[in-house]
Amino acid sequence: PKSKPDKKLPVIFNDYMNCFWGDPREEKEIPLIEAAARVGAEYYVIDAGWYAELEKGWWDTVGEWREGSDRFPRGLRFLTDMIRAKGMIPGLWLEIEAMGINCQIADELPDSWFFQRNGKRIAAQNRYFLDFANPAVRKHCHGVVNRLVEKYDIGYFKIDYNVNHREGNEAGYDSPAAGQIAHIDGLYQWFDEVRKTYPNLIIENCGSGGGRLDYGRSEEHTSEL
């Protein structure tokens, strides 16, 4: 399934590159929102760091997807409402497949939710990797998207992938590669379900220079496995 706005190819502005570099704050966003609206942007995306408290790094706390309260004194909804009032559609950055080792909920979740080798979670660059072959993981991530769309009136997600999980997942599989394929199939299933639920939502794939790099799997290939 395709999102309806894909046919129009709207103009999208993102606050990361050459702007905030993962440090969004209310006082910095307001003038940039106004400037983006003046030049004709149709979507305005608040990128990495929107969920991290100011004294914590955005890299290794990723994964709970709740706004950093001290970044937005009037709440993130204040900014997304402003974006809508300026005639644009608000967007947010997600790295939905990863969870930082310092994410508040990481230790509360079962190991079966994550890629594993030798009976332990794989950690790379202070990130764990969620296994989308697990239905509980897909359900959890649907809950994240549903909450963000409903709470902040989001119409766009930039879904990033900054670390290549080339190690694969061997827990419950004949090989790490088999676990990797199962994860990708589960991820594509999740994307399809999100698009069906929100046909007007744009989902951008951002692979951070190839951190997320795969060439797709057709229904024919999936059904043969």
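Visitor: Helices (H or I, at least four residues) and strands (E, at least two) are DSSP runs, numbered from the N terminus; in which helix is His142?

Guide: His142 belongs to helix H4. This is a predicted model, in which local features need pLDDT of at least 70, side-chain atom pairs count only at pLDDT 80 or more, and totals for chains, interfaces and linings use all residues. Residues are numbered from 1 along each chain as its sequence is written, and side-chain values use heavy atoms, without hydrogens and water.

Visitor: Is His142 buried or exposed?

Guide: His142 counts as buried because its relative accessibility is 18%. Buried means under 20% relative accessible area, exposed means over 50%, and partly exposed lies in between (1.4 Å probe, protein chains only).

Visitor: And what does His142 touch?

Guide: Not counting residues up to four places away in sequence, His142 touches Trp190, Glu193 and Val194. Contact here means heavy atoms within 4.5 Å.

Visitor: Trp190 and Val194 again: which residues of H5 are buried?

Guide: Those two are among them, together with Gly179, Gln180, His183, Ile184, Asp185, Gly186, Leu187 and Phe191. H5 itself has 22 residues and reaches 32 Å from its first C-alpha to its last, close to the 32 Å expected. The expected span is 1.5 Å times one less than the number of residues.

Visitor: Moving on to the core: which residues touch the most other members?

Guide: In the largest nonpolar core, which has 52 residues, these are Tyr44, Trp50, Trp65, Leu92, Ile96, Phe157 and Trp190. A nonpolar core is a set of buried Ala, Val, Leu, Ile, Met, Phe, Trp, Tyr and Cys residues joined through side-chain atoms within 4.5 Å.

Visitor: Which element gives the most to this core?

Guide: H4 does, with 7 residues. Elements giving two or more residues include helix H2 (26–38), strand E3 (89–94) and helix H5 (176–197). Apart from this core lies another, of 6 residues, among them Phe115, Ala124, Phe129 and Tyr161.

Visitor: How do H2 and H3 pack?

Guide: Their axes are 11 Å apart, at an angle of about 5°, which makes H2 roughly parallel to H3. Axes are lines fitted to C-alpha atoms, for helices over the stretch in contact, and angles run from 0 to 180 degrees between N-to-C directions. Angles under 35 degrees count as roughly parallel, over 145 as roughly antiparallel, 65 to 115 as roughly perpendicular and the rest as oblique.

Visitor: Which residues make that contact?

Guide: Glu26, Glu29, Ile30 and Ile33 of H2 meet Phe78, Leu79, Met82 and Ile83 of H3. They divide into 6 nonpolar, no polar and 2 charged. Here Ala, Val, Leu, Ile, Met, Phe, Trp, Tyr, Cys and Pro count as nonpolar, Asp, Glu, Lys and Arg as charged, and the others, Gly among them, as polar.

Visitor: And how do H3 and H4 cross?

Guide: The axes of H3 (residues 76–85) and H4 (residues 135–152) come within 9 Å and cross at roughly 65°, so H3 is roughly perpendicular to H4. Leu76, Arg77 and Thr80 in H3 meet Glu150, Lys151 and Tyr152 in H4. This contact has 2 nonpolar, 1 polar and 3 charged residues.

Visitor: What about Asp153: where is it found?

Guide: Asp153 lies in the loop between H4 and E8. Its phi is near 60°, a positive value in a residue other than glycine. Most residues other than glycine have a negative phi. With a relative accessible area of 30%, Asp153 is partly exposed.
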